[in-house]
Number of protein chains: 2
Amino acid sequence: MKQEGEMFVVACRPMAAVSPVSANSQSQQPFPTPSPFSFSDASARLSTRPPVYLSNLILRFLALVFSFVSALSLAASSSKKGSPRPSSFADYSELLYCFIASVLVFVYSAFQLFKGIWDIAQRGILISDMFSDYMSFILDQVAGYLLISSSSVAIVSIQQIDKTASILKAVIISAIVSFVTFLVIVICTLLSGYKLCKRIIW
Amino acid sequence: MKQEGEMFVVACRPMAAVSPVSANSQSQQPFPTPSPFSFSDASARLSTRPPVYLSNLILRFLALVFSFVSALSLAASSSKKGSPRPSSFADYSELLYCFIASVLVFVYSAFQLFKGIWDIAQRGILISDMFSDYMSFILDQVAGYLLISSSSVAIVSIQQIDKTASILKAVIISAIVSFVTFLVIVICTLLSGYKLCKRIIW
């Protein structure tokens with residue numbers, strides 16, 4: 001009802017009065033009825049969507065790489081044999097938690113990256129936009145809290161690990177990279193929260 | 001420009017078509033020019049604001065109480081003398097971090113509660129609504145991440161503390177209550193994020 005009301009007002013005004021922001025927002029919502037804007041809308045979507053999608057894809061890709069490095073640094077260090085003390089991350093429950101958190105964020109980022117590329121290639125076939133926005137918002141929040149929790153635990157566990165253990169350097173790298181992943185996910189959370197708010201309000 | 005456009009459409013329709021949600025949203029925005037809605041708006045604000053404010057105040061009050069309990073349980077346990085081992089939370093850097101995080105969230109919740117009561121008593125004098133929305137959103141996010149980080153660290157430190165230490169029970173209580181505070185702050189974050197989005201978009 002309200003969407004149609006807005007559209008009527010826009011149609012009555014001269015085109016110079018339509019700001020690019022409101023044009024963007026209208027191009028992202030499905031029109032329930034055929035409108036005079038729907039033909040220009042299809043071309044407008046192609047030109048306006050990629051920059052937003054591209055920044056989202058870059059952030060997802062960064063999260064993917066960082067979470068992979070975080071998990072890999074723990075996994076690779078535990079394969080070094082020869083030390084008399086146990087030096088696998090699986091011997092410390094805190095490090096196992098960090099490893100699982102990194103792997104979960106890696107899988108989630110890979111899924112989001114796949115979905116983003118799929119959406120650009122052929123729009124709206126994988127999952128619906130509405131469900132995707134809700135899911136992204138909730139899972140981004142969960143991923144952010146999981147990462148800050150796991151990197152805090154990793155930092156605490158650095159103090160406990162024997163200074164001569166071969167795993168120490170790997171844990172430090174993992175904690176730092178995990179925190180960087182957290183920062184990337186926070187930006188993703190803000191973006192997906194903004195998208196969800198636009199969907200709820202409009 | 002867009003706000004005025006919406007208002008024109010609303011004014012042209014019969015009043016039955018105006019949904020309560022859009023009436024709420026319009027009552028919260030300042031009108032740059034005198035409008036036929038401004039008289040009914042003042043009374044509408046009085047009737048629509050308190051429920052939203054009340055839920056926010058209840059959440060802030062809960063966060064205040066829980067963060068106080070979390071900090072108190074650590075502080076009170078450290079005053080028990082007589083144990084040969086060090087049993088003050090200040091001897092463990094992890095517990096000191098948890099204590100500081102709880103105190104910071106307590107101070108922040110007290111400020112938000114004070115501001116909420118002040119806003120109901122006499123509107124918009126303490127700080128501007130715009131600045132308040134941005135500040136609440138950012139600080140709620142920071143408080144949430146701080147609390148999940150500190151409660152994760154507290155849970156890890158439970159494993160390290162000597163089972164016979166008198167502080168153990170206090171740390172368990174503090175970790176649980178800190179996690180509950182985190183859940184309350186997450187709801188506050190969602191509310192303040194929604195408020196901020198409405199402000200940005202409208």
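Biologist: What makes the sulfur of Cys188(A) too far from the closest cysteine sulfur for a bond?

Modeller: This is a predicted model, and in it the closest cysteine sulfur to that of Cys188(A) belongs to Cys197(B), at 16 Å.

Biologist: How many disulfides does the structure hold over all chains?

Modeller: Zero, over all chains.

Biologist: Are Cys188(A) and Cys197(A) buried or exposed, and how do you know?

Modeller: Buried means under 20% relative accessible area. Cys188(A) has 1%, so it counts as buried. Cys197(A) has 8%, and that puts Cys197(A) under the cut-off too, so buried again.

Biologist: Let's move to chain B. Where is Ser152(B)?

Modeller: You'll find Ser152(B) in helix α5 of chain B, which covers residues 129-160.

Biologist: Is Ser152(B) called buried or exposed, and why?

Modeller: Its relative accessibility is 8%. With the limit for buried at 20%, Ser152(B) therefore counts as buried.

Biologist: What does the side chain of Ser152(B) reach?

Modeller: The backbone oxygen of Ile148(B), at 2.6 Å.

Biologist: What makes you call α4(B) and α5(B) roughly antiparallel or roughly parallel?

Modeller: Look at the crossing angle: the axes of α4(B), residues 93-121, and α5(B) cross at roughly 150°. Anything over 145 degrees counts as roughly antiparallel, so that's the label for α4(B) and α5(B).

Biologist: How close do those two axes come, and is the crossing left-handed or right-handed?

Modeller: The axes come within 9 Å, and α4(B) passes α5(B) in a left-handed crossing.

Biologist: Back to chain A: what is its secondary structure?

Modeller: Six helices and zero strands. Reading from the N terminus, the elements go α-α-α-α-α-α.

Biologist: What share of chain A is buried?

Modeller: Of its 202 residues, 42% are buried.

Biologist: And what share of the contacts in chain A join residues at least 24 apart?

Modeller: That's 75%, taken among contacts between residues at least 6 apart in sequence.

How values were computed. Residues numbered from 1 in each chain as written. Chains lettered and ligands numbered in written order. Predicted model: local features only at pLDDT ≥ 70, side-chain atom pairs only at ≥ 80, totals over all residues. Heavy atoms only, no water. Disulfide = S-S within 2.5 Å. Buried < 20%, exposed > 50% of the residue type's maximum accessible area, 1.4 Å probe, protein only. Helix = DSSP H or I, 4+ residues; strand = E, 2+ residues; numbered from the N terminus. Polar contact = N/O pair within 3.5 Å; in protein donor to acceptor, adjacent residues only side chain to side chain. Axes fitted to C-alpha atoms, helices over the stretch in contact; angles between N-to-C directions. Parallel < 35°, antiparallel > 145°, perpendicular 65-115°, else oblique. Left-handed = near helix turned anticlockwise from the far one by under 90°. Contact = heavy atoms within 4.5 Å.
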